[in-house]
Amino acid sequence: MAVHATSYDYTRPGKPDIAWDDKEAKEELISGLVTDALALLGAVDPGTLEEGSPAYQAYVLLALVSGQDVEPAEGSDGTDGRWRIARKVAPDRIVSTVDPQARHAHKSRSVMMDGFKGHIIAEPETGLYTNAVMTKAAGPGSSDADAGIVLLGTDETMQDPAVDYQVLGDSAYGSGPMLETLDAAGHRGLVKPKPLRPAVPGGYDLDDFTHDEAKNTLTCPAGEVRKISPRGNVNFGTACKACPLREQCTKAKGGRKVVITKHHARQRAHRAAAREPGFKHDYRAYRPLVERSIGWLVAGGNRRLRYRGVEKNNAWLQQRIGALNLRRLLKLGLTSHDGAWALG
């Protein structure tokens, strides 16, 4: 540090004391910090570090953090030591050097939080939790649908082939792979479909196009038929120029373009099923009960985690749902008789 990191006084605690709205001062600080980081990384031979050791972890963390949020300054390739904050967000971005597994999560465009994401399966009529897992808040395997697939496959209470299980979930669970998993397991998916967004507000959406899976074609509302490319692309192009329905279909100068995904037919069928009265009735009946289970889980300040890393927080989650299940069972009539526990 004393030899290679000379651009800043690293003995000072807290954030650097500069005017962050001063572009030149900010870029000078960023350039100095990145230059120091690169110099430190270049001065250490990672081959001499024992894998998994604190020094090895610090080396890897420094390499990740110093590269994920910066890019060469305008007109620079980085070799002249000029850097700036990147105009992008790195995938699987590390947000904390204290807890490198923590991630940014967006509950909505305006609501953001840092940390981890807890996923549960709860039986709505009793309020009992049957499976749970903690993941990073973002990154591979952390989405609701991805974690849900894993939870369904490992839930020991849903393995009886003679039982017709209903699986309730909001639109975050409406991915193609999730619906495929539900179909393969023989479960009825009470999953709220992801809303379609028409290219023109109030105009035609994807379900207004006729999909012929056997012929691999897509027909637009005006009757134009197009083949679907091997990559799922459909371009109606010049047919849109004189189309009387154009104003309700597309604003693109080159005409309407559509992408048909691998799971399109399955998701379209699911959207149709979700419009049936029985689907709506069951979803509305059970949704509040599921929300109740989530409310119990996070009550008492338990949206805020107390540990670092996925492993420890997952252990905490398992203990919490175990305690909540015991409390719920006691309310449902669990009693002890001659050293044995029984409901009734």
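User: Where is the place of N216?

Analyst: N216 sits in the loop between β8 and β9 (217-219). Strands here are DSSP runs of E with at least two residues, and helices are runs of H or I with at least four, numbered from the N terminus. This is a predicted model, in which local features need pLDDT of at least 70, side-chain atom pairs count only at pLDDT 80 or more, and totals for chains, interfaces and linings use all residues. Residues are numbered from 1 along each chain as its sequence is written, and side-chain values use heavy atoms, with hydrogens and water left out.

User: Why does N216 count as partly exposed?

Analyst: Buried means under 20% relative accessible area, exposed over 50%, and partly exposed in between (1.4 Å probe, protein chains only). N216 has 32% relative accessibility, so N216 is partly exposed.

User: What makes D92 partly exposed?

Analyst: The relative accessible area of D92 is 34%, and therefore D92 is partly exposed by those cut-offs. D92 lies in the loop between β2 (83-85) and β3 (103-106).

User: What is the phi of D92, and what is that of N216?

Analyst: Phi is near 55° for D92, a positive value in a residue other than glycine. N216, also not a glycine, has a positive phi of about 55°. Most residues other than glycine have a negative phi.

User: Which residues is D205 in contact with, leaving aside its neighbours within four places in sequence?

Analyst: They are L196, P198 and R256, where contact means heavy atoms within 4.5 Å. D205 itself lies in the loop between β7 (188-191) and β8 (210-212).
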